[in-house]
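Reader: I have a two-chain model open and would like to know what the terms used for it rest on. Could you take me through them?

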Amino acid sequence: MTLVVRVGTAVSTTLLAIGIVLALAAPRTRATEALITAGLVILMATPVANLLVALVDETAAREWAFVATGVLVLALLGGSLVVAFS
Amino acid sequence: MPAEGVAFLAAVMGGGALAGGLGALLGIGGGVFLVPFLTLALGVPIRQALAASLVTVIAASTAVTSGPSRHLINERLGLVLEVATVAGSLVGAVTAAALSPSTLHVIFAFCTFFIAVVMMMRLDIRNVILDPSVDPGILGGRFYEEETAREVVYRVKRLPLALVGSFAAGNLSTLLGIGGGIMKVPLLNAFCGVPIRPAAATSSFMIGVTATSGAVIYYGRGDLMPAMAAAAVLGVRIGSLAGFRYTAGVGARRIKQLMAAVLVVVSALMFTRVW
């Protein structure tokens, strides 16, 4: 779990840091904005990735009640996606 | 000040740093401060402020989830409560239609003040069970407590209350641009038997998921301003690192006092936003 969060955090932070330096140093380009947006998307995906790892752990431990709980949370998050882009 | 200029972004970064620092210790995302700071002090339009704040909460959450207190996170409790929180976040849209922002702020102001009072009254009530042979139950936990230099246990009580509180916190999350930790931590600690540090760590874990659903919705609507959000997140990174370093030895009682103080400040902020 920690590894996923650390990787996600590191990649996201790097992209955001580079992006913001570029945004300040040079006139705003589409590429700069894309870089920052990518960093933000990875950040937003990190808790979900974490959740998936937790699900895998619970499945491996055969803790079906918690697997079901995790799936339910994912489904509700999926609902947010639908609301977001509808 | 000009949007997206250096001074503006530096100010946003400062706001993020405060969020990160407080989050490291108290299990909150800092949104309760960041949103008024962005809207009132920096003149950011409300929806953009909410979007940036939710992203900040995610950043604060990931900082703790990979930080030095991650061993205190109660993942299973977090998972169960997240069902309520994310459901509440989804329903938030309905609430937004039914209640005016002023009403929400007043309700929130009273809740936070009430919780602050309860926390202060319960400062010396210990949730830790000193006998390590006690069974923590399905949702409880064990950890090593520095103050008593031993392994301690805790059991979760009043789960239905925790679920209702998590649902309410999720509801408020999308509407107010917060993670809800400001309610979850005191609830878990004052009513549900969770010692303050595992409560804070678990809250940090949960608010990341809560804020994700709101952040995605605002992103989808085009309310997420990239440079501003980036500045806030980078601020969180710096603030949380400083927070971890300088609060390593803070005792449980002190943390609870600080939490109560933050609640009172937030309550006052909420009341002033109404008038």
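Author: Gladly. Buried area is the accessible area, taken with a 1.4 Å probe, that two parts lose on being put together, summed over both. In this predicted model, the area buried between chain B and chain A is about 3600 Å², with carbon and sulfur atoms giving 80% of it.

Reader: How many residues does the contact take from chain B and from chain A?

Author: Chain B brings 41 residues and chain A brings 39.

Reader: Why is the pair A:Glu58 and B:Arg76 called a salt bridge?

Author: The cut-off is 4 Å between a side-chain nitrogen of Lys or Arg and a carboxyl oxygen of Asp or Glu. In this pair the closest N and O atoms are 2.9 Å apart, so the pair meets the rule. Across the interface, the rule finds two salt bridges.

Reader: Which helix gives the most to the side of chain B that touches chain A?

Author: That is α8(B), with 10 residues. By class, this side of chain B has 28 nonpolar, seven polar and six charged residues.

Reader: What makes a set of residues a nonpolar core?

Author: The residues must be buried, of the nonpolar kinds listed for a core, and joined through side-chain atoms within 4.5 Å. The largest such core has 56 residues, and B:Met259 is among those with the most contacts inside it. Helix α10 of chain B (residues 252–274) supplies the largest share, eight residues. Among the residues that B:Met259 touches are B:Leu26, B:Ile28 and B:Ile182.

Methods
Residues are numbered from 1 along each chain as its sequence is written. Chains are lettered from A and ligands numbered from 1 in the order in which they are written. This is a predicted model: local features need pLDDT of at least 70, side-chain atom pairs count only at pLDDT 80 or more; totals for chains, interfaces and linings use all residues. Side-chain values use heavy atoms; hydrogens and water are left out. Buried means under 20% relative accessible area, exposed over 50%, partly exposed in between (1.4 Å probe, protein chains only). Helices (H or I, at least four residues) and strands (E, at least two) are DSSP runs, numbered from the N terminus. Contact means heavy atoms within 4.5 Å. Ala, Val, Leu, Ile, Met, Phe, Trp, Tyr, Cys and Pro count as nonpolar, Asp, Glu, Lys and Arg as charged, and the others, Gly among them, as polar. Lists of a residue's contacts leave out its neighbours within four places in sequence.
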